[in-house]
Amino acid sequence: MILPIFIASLLFSSSYAAVQDFCVADLNGPEGPAGYSCKKPAKVTVDDFVFSGLGAAGNTSNIIKAAVTPAFAAQFPGVNGLGISMARLDLATGGVIPMHTHPGASEVLVVVQGSICAGFISSANSVYFKSLKMGDIMVFPQGLLHFQINAGRSSALAYVSFSSPSPGLQILDYALFGNNLPSELIEQTTFLDDATVKKLKGVLGGSG
């Protein structure tokens, strides 16, 4: 009795399997909740499945002394629909990837050079952070605020993978101070004083 049930359940689950091998992103079309539409098979080439952009260091000459080089569906059409993507993190001395979240994916980070202090905050406001060395791996659950900081005296390099071809990104500092959200609303919701809010808006390009 158990075997027929097992076979039936296997057939039922298999009915939801992918009906095509891949769906290379058609970057000429819009991106929807389910990703990009598929490029016509006749236009697919091997280059759609190869991305060489993670071999070069990103430009860390900026306010955060860090650079993120993404290999998401928009840059790497072959990952469209596959539930995976990657990125490169370069952190100069003193560099930081500010507190941020990926609404659409969990993240795995592997340190390949230097030392990185990384951590995340759970929805219960528990904090999990650690100084990672070369070869260490850390996971950041989907949607939770997390960060990476260069914890050494030389540049640091890490590669990250995501459980989505388009993980999304929202950086907390820029969400608060890098737009036209009125200062008085920020002050009311963060308990920061007016001078501090306006100073941060000036640094991060916000107005209002």
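The structure is a predicted model, in which local features need pLDDT of at least 70 and side-chain atom pairs count only at pLDDT 80 or more, whereas totals for chains, interfaces and linings use all residues. Residues are numbered from 1 along each chain as its sequence is written, and side-chain values use heavy atoms, with hydrogens and water left out.

The domain assignment, whose bounds come from an automatic or database source, gives domain 1 as 56–70 + 83–167 and domain 2 as 174–204. The C-alpha centres of domain 1 and domain 2 are separated by 25 Å.

Strands of a sheet pair through backbone hydrogen bonds, either parallel or antiparallel. In what follows, helices (H or I, at least four residues) and strands (E, at least two) are DSSP runs, numbered from the N terminus, and two strands are said to pair if DSSP finds at least two bridges between them.

Strand β7 (residues 116–121) and strand β10 (residues 146–150) run antiparallel and are joined by five bridges, and G119 stands opposite F147 in β10.

Accessibility is described in three classes: buried means under 20% relative accessible area, exposed means over 50%, and partly exposed lies in between (1.4 Å probe, protein chains only). In helix α3 (residues 183–190), the buried residues are S183, I186 and E187. Seen down the axis of α3, these buried residues fall within an arc of 100°, so they line one face of the helix; the arc is that of the directions from the helix axis to the C-beta atoms. On the other side of α3, Q188 and T189 are exposed.

A search of the whole structure finds four salt bridges, a salt bridge being a side-chain nitrogen of Lys or Arg within 4 Å of a carboxyl oxygen of Asp or Glu. One of them joins the side chains of K39 and D48 at 3.0 Å, N to O; K39 is partly exposed, with a relative accessible area of 22%, whereas D48 is buried at 7%. Another links D136 and K133 at 3.8 Å, N to O, and here D136 is partly exposed at 22% relative accessibility, while K133 is exposed at 54%. The side chains of D194 and K198 also meet in a salt bridge, at 3.2 Å, N to O. Both D194 and K198 belong to helix α4 (residues 194–204), where they lie four residues apart, about one turn of the helix, and D194 counts as partly exposed at 33% relative accessibility.

A pair of aromatic rings is described by the distance of the centres and the angle of the planes. Rings of Phe, Tyr and Trp (its six-membered ring) pair if their centres lie within 6.5 Å, and planes under 30 degrees apart count as stacked, over 60 as edge-to-face and the rest as tilted. The structure holds five aromatic pairs. The rings of F22 and F49 have centres 5.0 Å apart and planes at 75°, so this pair is edge-to-face. Because F22 lies in the loop between α1 (2–14) and β1 (31–32) and F49 in the loop between β2 (35–36) and β3 (66–71), the pair ties together parts that are 27 residues apart in sequence. F22 is partly exposed, with a relative accessible area of 37%, and F49 is partly exposed at 35%. The rings of F72 and F162, with centres 5.5 Å apart and planes at 85°, are likewise edge-to-face. F72 lies in the loop between β3 and β4 (85–91) and F162 in strand β11 (residues 156–162), so this pair ties together parts that are 90 residues apart in sequence. Both F72 and F162 are buried.
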